[in-house]
Amino acid sequence: MKSITEKLKQFKNNPKDTKFSELCKVCDFYYFGDARQSGSSHRVYKTPWRGDPRVNIQNSKGKAKAYQVRQILKAIERLEVENGNNR
C-alpha cells in the first residue's frame, strides 16, 4: 500500500473511486482501531467525540460511499488536530 499521506490524498482527490478494503485498512491500522461493528456491509468505528464527523463506512460493490469517505477524512483531520499530529 502507498504511504498513508499519499493514500489520504488519493481518497480526497477521488472519493468516488475509493476501495472499501483500502479505507478499512486506513481506519483499522492507522487511526481508529478495530471497528466496533463489522459483521454487515457497514463498519462503524469508535471516536473520542460524540456526533459528527461520524466514522461509518459501507461496502457498495467493493467501493466506499463518497460521502462516507469525506466524513472519514474530516474525522481523521479532527483526530490529528486534537492529538497534535500533522502528517
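Modeller: In this predicted model, three strands make an open sheet in the order 1-2-3, with antiparallel pairing. Strand 1 (42-44) and strand 3 (63-64) are the edges. Each has a single partner strand, so one side of each has no neighbour in the sheet.

Take the pairing of strand 1 with strand 2 (residues 56-60). The two run antiparallel and are joined over three bridges. His42 stands opposite Gln58 of strand 2. Asn56 also belongs to strand 2. Is Asn56 buried, exposed or partly exposed? With a relative accessible area of 23%, Asn56 counts as partly exposed; the limit for buried is under 20%. Which residues does Asn56 touch, leaving aside neighbours within four places in sequence? They are His42, Arg43, Val44, Gln68, Gln71 and Ile72.

Next, the loop between strand 2 and strand 3. Lys61 is found there. Its phi is near 60°, a positive value in a residue other than glycine. Most residues other than glycine have a negative phi. Lys61 has a relative accessibility of 84%, so Lys61 counts as exposed.

Now the helices on the sheet. Helix 2 lies across strand 1, strand 2 and strand 3. Helix 2 runs at about 155° to strand 2. Helix 3 packs on the sheet too, and touches strand 2 and strand 3. The direction of helix 3 makes about 150° with that of strand 2.

How do these helices sit against each other? Two packed helices are described by the angle between their axes and the distance between the axes. The axes of helix 2 and helix 3 come within 12 Å and cross at roughly 15°. That angle makes helix 2 roughly parallel to helix 3. Their crossing is left-handed. On the helix 2 side, the contact involves Leu23, Val26, Cys27 and Tyr31. In helix 3, they meet Val69, Ile72, Ile76, Leu79 and Glu80. Ile72 is also one of the residues in contact with Asn56.

The buried residues of helix 1 (residues 4-13) are Ile4, Lys7, Leu8 and Phe11. Why do they fall on the same side of helix 1? They cover an arc of only 100° around the axis, which puts them on the same side. An α-helix has 3.6 residues a turn, so residues three or four places apart point the same way. The face turned away from the buried side carries the exposed residues Lys9 and Asn13.

The buried residues of helix 1 pack against helix 2 (20-31) and helix 3 (66-83). Helix 1 and helix 2 pack at an angle of about 135°, with their axes 12 Å apart. This makes helix 1 oblique to helix 2. The crossing of helix 1 and helix 2 is left-handed. Helix 1 contributes Ile4, Lys7, Leu8, Gln10 and Phe11 to the contact. These meet Glu22, Leu23, Val26, Tyr30 and Tyr31 in helix 2.

Technical notes:
Residues are numbered from 1 along each chain as its sequence is written. This is a predicted model: local features need pLDDT of at least 70, side-chain atom pairs count only at pLDDT 80 or more; totals for chains, interfaces and linings use all residues. Side-chain values use heavy atoms; hydrogens and water are left out. Buried means under 20% relative accessible area, exposed over 50%, partly exposed in between (1.4 Å probe, protein chains only). Helices (H or I, at least four residues) and strands (E, at least two) are DSSP runs, numbered from the N terminus. The arc is that of the directions from the helix axis to the C-beta atoms. Contact means heavy atoms within 4.5 Å. Two strands pair if DSSP finds at least two bridges between them. Axes are lines fitted to C-alpha atoms, for helices over the stretch in contact, and angles run from 0 to 180 degrees between N-to-C directions. Angles under 35 degrees count as roughly parallel, over 145 as roughly antiparallel, 65 to 115 as roughly perpendicular and the rest as oblique. A crossing is left-handed if the near helix is turned anticlockwise from the far one by less than a right angle, and right-handed if clockwise.
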